[in-house]
Amino acid sequence: MIRMFLIGTGRMGTMIRQLAGEDPEFTIVGAVNDTNVKDLAGLDKPVDVVIDFSGRDSLPEVADYIRRTGAALVSGTTGFSDSQLEQLRRLGEFAPVLHSANYSVGVAVLKRLATEAAVLLGDGFDIEIIETHHNQKADAPSGTAKLLQKAVDPMGGLAPVYGREGLCGKRTKREIGIHAVRGGTVAGEHTVAFFGPDEEIKLNHRADSRKIFAAGALRAAKLLVEKEKGFYTLEDVLFHAARG
């Protein structure tokens, strides 16, 4: 039985709670949200894993809890600054820690394919990333779009251009277009497009329900609790398990 503590009680947290409640491998020990996350300071209840889909401002309390208890951390919070991401990485000294902007298994595969395509196609192809989400999403571009950007340009050699307007000049070879579309109730769609001379390749993933993200986070939690201390990506956990 995996003892789980949930941080974040929004749409994703609610879905995770629902699915975990239906899974005999999990027992939910407790939950807090952004408004009462400071209550973590008084909690030392032993758990195996913490799943965090709260806001980025909750990181100090979350980090303190992980350092104090050594519980594994599955983090799905987006919008972190570089310094906050570094703080997450350092938590790997105390516990197994996994952070991903997207817990869809399909997106993990999309990232792997996009990385390989960028290497194989080389500089002869222009790269554009288009993401679409529901009209309530607060941040843009999405965390997943940033994840895909890093996948196709790991060294950061391409300058991001966020949409285009007016006389913006010809597209250069050293840029990557990133475009955010918002509307309706779209759970999430991401396209990585490679445009070459007289041909193009598009890799696309569409989520029809947020359930896939919650299911992916729970799957990751089951694998993470078996890991040693360290900082992991979703690909580290999923693909290693698949090979094993």
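How many bridges join strand β4 to strand β5? In this predicted model, the count is three. Strand β4 covers residues 72-75, and strand β5 covers residues 96-99. The two strands run parallel. Within this pair, Leu 73 stands opposite Val 97 of β5.

Both strands belong to an open sheet of six strands. The strand order is β2-β1-β3-β4-β5-β11, and the pairing is parallel. Strands β2 (26-32) and β11 (230-232) stand at the edges. Each has a single partner strand, so one side of each is left without a neighbour in the sheet. From one strand to the next, the twist averages 20°.

A helix pair was examined next. Helix α4 spans residues 105-121, and helix α5 spans residues 143-152. Their axes come within 8 Å. The crossing angle is roughly 30°. Angles under 35 degrees count as roughly parallel. The helices α4 and α5 are therefore roughly parallel to each other. The crossing of α4 past α5 is right-handed.

Residues from both helices make the contact. Helix α4 contributes Val 107, Leu 110, Lys 111, Ala 114, Thr 115 and Ala 118. Helix α5 contributes Thr 144, Leu 147, Leu 148, Ala 151 and Val 152. By class, eight residues in the contact of α4 with α5 are nonpolar, two are polar and one is charged.

Conventions:
Residues numbered from 1 in each chain as written. Predicted model: local features only at pLDDT ≥ 70, side-chain atom pairs only at ≥ 80, totals over all residues. Heavy atoms only, no water. Pairing = 2+ DSSP bridges. Helix = DSSP H or I, 4+ residues; strand = E, 2+ residues; numbered from the N terminus. Axes fitted to C-alpha atoms, helices over the stretch in contact; angles between N-to-C directions. Parallel < 35°, antiparallel > 145°, perpendicular 65-115°, else oblique. Left-handed = near helix turned anticlockwise from the far one by under 90°. Contact = heavy atoms within 4.5 Å. Nonpolar A, V, L, I, M, F, W, Y, C, P; charged D, E, K, R; others polar.
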